[in-house]
Amino acid sequence: MAQAVGAQLARPPNPTPSPRRPLVVVHDTLIVGAGIAGLALARELTARGLAPVVLERANGVGGRCATRRVDGQPVDHGLAFLHGRSPAFLAAMAAARDAAAITHWPRHRDGDGVPCQPQAFDPLDTRVAPAGGVNLFAKHLAEGLDVRLGARVETLALEPASHETSDRAWTVTLTGGDRLRARSLALALPAPSTLALLGTLVPQEPAIAPLLPLLRLIHVVPCLAVIARYPEGTPRPAWEASYPAGSSGVHAVLHDSSKRPGTPRLTLVIQGRPGFSQRHVDTPEAVWSQALLDEAAALHGDWMRTPDLAQPHRWRYARVSIGTELASPLVAHCEGGAVLGLAGDGLHATGGVEGAYLSGVALAARLTGSAPARE
Ligand SMILES: Cc1cc2nc3c(=O)[nH]c(=O)nc-3n(C[C@H](O)[C@H](O)[C@H](O)COP(=O)(O)OP(=O)(O)OC[C@H]3O[C@@H](n4cnc5c(N)ncnc54)[C@H](O)[C@@H]3O)c2cc1C
């Protein structure tokens, strides 16, 4: 039950006539972030009888598991395909695949470069590209959950839960001033975003301070990407993904339209290398998107330089550098009984989309004091 709520958020069941005064609405668990980690966490908590509320700043679920429609045609402009090997993740992935999903995509690879998650091509991993886009996976996870879209969390505070006791609870404030409260709060965000939100907590909480240097160990790199669509009749590359070894700027060229049934327009997604992306992350989009198209053309032919449509996308926090992930989610028990949980792709040794999912599952088990249902 993902829903757009925006200004509705702070209303009690019977709205009062005064929308200007911020009200505080109380929940048992708040989760910030409706990416794969936050959704997996919310599903697991719901399965254990809790009623978590997921707050998501965007207008849709999935985060970096993202699919955009270009003239109606799905294009995966973040994560290009789902992959993993743990029984829990494979079961979730299988439930979300559509009838025309392609198993083992990309089946035809070009180049000797290293993919961002090399284990994706290990025989132990299963790869799946849903025909409707990878975001179908997130939509499937969100089914039946209370997800509030357009709800950006600006600040966190720990406040007395009542006048009678020394109990404390979390208050989160959204853009626009609406406030929500819960005893348990989970942040399912890229590590730099988690650090930024925890930085709004004044005064700093003794139980949380030791987590901050751990979060700084997680190294997150940007990725500049361009969706490039080509005119009708353009010959299609024989490969489904190209990972050039010798390119200074291009990390991968994904033949996105090879995942779509029917007669899709030839559409590629060109991903920049981490170093290139870091250098250009604050420069104008037109500069770096043309540089990526030029370099792709130098690798694959002049035709690639001139798509009839180019859409740049800047992923400021795209991927965790391999080997900098922490092994598991983190939990802090604060004075007064409030609990903080942290999940996300930097908080499971597997990393990537599978690590994000497993971190959410593992955090649910830790928050409820139970063993993970299956991992
Ligand atoms: C270009 C690209 C290629 C990739 N390729 C691969 C790959 O090949 N293999 C692989 O395994 N992984 C890959 N990844 C990484 C993979 O997509 C991520 O590891 C995974 O999706 C992370 O999920 P998450 O839930 O941890 O975080 P996210 O998906 O980042 O979810 C966090 C959510 O929190 C929301 N949010 C942020 N701040 C706030 C706030 N203040 N208030 C409310 N909401 C907020 C965001 O909008 C987002 O929806 C790739 C990523 C990119 C960008």
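**Reading the model**

Guide: Start with the ligand. By class, its shell has 21 nonpolar, 10 polar and six charged residues. Ala, Val, Leu, Ile, Met, Phe, Trp, Tyr, Cys and Pro count as nonpolar, Asp, Glu, Lys and Arg as charged, and the others, Gly among them, as polar. A residue is near a molecule or strand if its C-beta atom, placed from the backbone, lies within 6 Å of it.

Visitor: What kind of model is this, and how are residues numbered?

Guide: This is a predicted model: local features need pLDDT of at least 70, side-chain atom pairs count only at pLDDT 80 or more, and totals for chains, interfaces and linings use all residues. Residues are numbered from 1 along each chain as its sequence is written.

Visitor: What is the mean pLDDT of the protein?

Guide: pLDDT is the predictor's confidence in each residue, from 0 to 100. The mean here is 92, and 93% of the residues reach 70 or more. Two residues are in contact if their C-beta atoms, placed from the backbone, lie within 7 Å.

Visitor: Back to the ligand. Which residues around the ligand come nearest?

Guide: Of the 37 residues around the ligand, the nearest are G33, G35, G63, D345 and G352. The elements that give two or more residues to this shell are α1 (36-47), β14 (220-229), β18 (309-320) and α8 (352-368). Helices (H or I, at least four residues) and strands (E, at least two) are DSSP runs, numbered from the N terminus.

Visitor: Why does the ligand shell lie between the two domains?

Guide: Domain bounds come from an automatic or database domain assignment. Here the assignment gives domain 1 (2-11 + 23-61 + 141-218 + 324-368) and domain 2 (70-131 + 220-320). Both domains give residues to the shell around the ligand, so the shell lies between them.

Visitor: How many residues of domain 1 are in contact with domain 2?

Guide: 16 residues of domain 1 are in contact with 11 residues of domain 2. On the domain 1 side, α4 and α8 are the elements that give two or more residues. α8 gives the most, with six residues. That side divides into eight nonpolar, five polar and three charged residues. The C-alpha centres of the two domains lie 30 Å apart.

Visitor: Which residues have the most contacts inside the largest nonpolar core?

Guide: First, the idea. A nonpolar core is a set of buried Ala, Val, Leu, Ile, Met, Phe, Trp, Tyr and Cys residues joined through C-beta atoms within 7 Å. A residue is buried if 20 or more other C-beta atoms lie within 10 Å of its own, exposed if 12 or fewer, and partly exposed in between; the C-beta atoms are placed from the backbone. The largest core here has 95 residues, and L30, L39, L41, I270 and Y357 have the most contacts inside it. α8 gives the most to this core, with nine residues. Domain 1 and domain 2 both give residues to the core, so it lies between them. Leaving aside neighbours within four places in sequence, Y357 is in contact with I36, A37, A40, F89 and A92.

Visitor: Is I227 buried or exposed?

Guide: I227 is buried, with 22 other C-beta atoms within 10 Å. I227 is found in strand β14. Leaving aside neighbours within four places in sequence, its contacts include V70, V75, H77 and A310. I227 and L268 are 41 residues apart in sequence, yet 5.9 Å apart in space, C-alpha to C-alpha.

Visitor: Where does P190 lie?

Guide: P190 lies in the loop between β13 (179-188) and α4 (191-198). P190 counts as buried because it has 25 C-beta neighbours inside 10 Å. Leaving aside neighbours within four places in sequence, P190 is in contact with V220, Y317 and G344.

Visitor: Which backbone features deserve a look?

Guide: Most residues other than glycine have a negative phi, and most peptide bonds are trans. Now the cases here. The peptide bond from W105 to P106 is cis, with omega near -5°. The bond from V202 to P203 is cis, with omega near -5°. D71 is not a glycine, yet has a positive phi of about 50°. D71 is exposed, with 9 other C-beta atoms within 10 Å. H104, not a glycine, has a positive phi of about 70°. H104 lies in the loop between β7 and β8.
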